[in-house]
Amino acid sequence: MKTPGESITHAGLLLRPMVATDAAAAGAIEQLCYQHGWSEAIFSDCITQGVPHGYRCWSLDINGVMAGYLIFTFVADEAHLLNIALKPCYQQQGLGHWLIARMIRYLQKHQVAELYLEVRCSNLRAINLYERLGFSDIGHRPGYYPAGEQREDAVVMQLHLHHYLTTSALTAIIDITA
Ligand SMILES: CC(C)(COP(=O)(O)OP(=O)(O)OC[C@H]1O[C@@H](n2cnc3c(N)ncnc32)[C@H](O)[C@@H]1OP(=O)(O)O)[C@@H](O)C(=O)NCCC(=O)NCCS
């Protein structure tokens, strides 16, 4: 994978659980990615709640610095992707796809059957990625997100995890990076 001005080897990629001190870096990435993003306090809360309360907070580090993150919950056989973002300089290089594929594999190991997420109607890049991963649009939540003075609808998407990862493209990504 390449970014402007540097080569990233797989050895330079580290996916790890977040710790309390990561909240500030995550909050800073959030400000770069969203107009109405999560505060640092929300990241702190998710990290503090942690595994005992069903939260998983993963940091993707590149050469020792947080490049993005993935926050999800799961209870019994249902999971919910709460947040995923990459610094703008690391977007559009396949890392989002890779992160979600890693999460899917993890959830399958924990016998999770269904994965859900909400995404802004206007976030076509993310919706396109989710569709290519196999998510289906299962409904809308009107006015779910703030949007300046107004509100914006969320698209609710679902992925069935049983018998997933049979496509060669996705398997190849996982095999290379496992
Ligand atoms: C949404 C987000 C996480 C997706 O991650 P990403 O790493 O940019 O996504 P990917 O690179 O895996 O896939 C996106 C595009 O890159 C392309 N791509 C994948 N691998 C590539 C590669 N090696 N080289 C060039 N392009 C590549 C894909 O074809 C895809 O293009 P398309 O969507 O225009 O068809 C990221 O863009 C982001 O952080 N956005 C801001 C926060 C956000 O919107 N989060 C989602 C909230 S629901």
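Start by selecting the hairpin of strand 5 and strand 6, which has two residues between the strands; Ala76 there has a positive phi near 55 degrees. Helices (H or I, at least four residues) and strands (E, at least two) are DSSP runs numbered from the N terminus. You're looking at a predicted model, where local features need pLDDT of at least 70 and side-chain atom pairs count only at pLDDT 80 or more, while totals for chains, interfaces and linings use all residues. Residue numbers run from 1 along each chain as its sequence is written.

Next, pick Val75, which sits opposite Glu78 in strand 6. Strands 5 and 6 pair in the antiparallel sense, over eight bridges; pairing takes at least two DSSP bridges between two strands.

Now show all of strand 5 (residues 65–75): eight of its 11 residues are buried, so the rest of the structure largely encloses it. Buried means 20 or more other C-beta atoms, placed from the backbone, within 10 Å of a residue's own.

Leu60 has Gly68 in strand 5 as its bridge partner. In this hairpin, with two residues between the strands, click Asn63 to find a positive phi near 50 degrees.

Last stop, the ligand. Among the 17 residues around it, the closest are Gln91, Gly94, Gly96, His97 and Val119; a residue counts as near if its C-beta atom, placed from the backbone, lies within 6 Å. Colour strand 6 (78–86), helix 3 (95–109) and helix 4 (124–133), each of which supplies at least two shell residues. Helix 4 gives the most, with four.

Technical notes. Buried ≥ 20, exposed ≤ 12 C-beta atoms within 10 Å, placed from the backbone.
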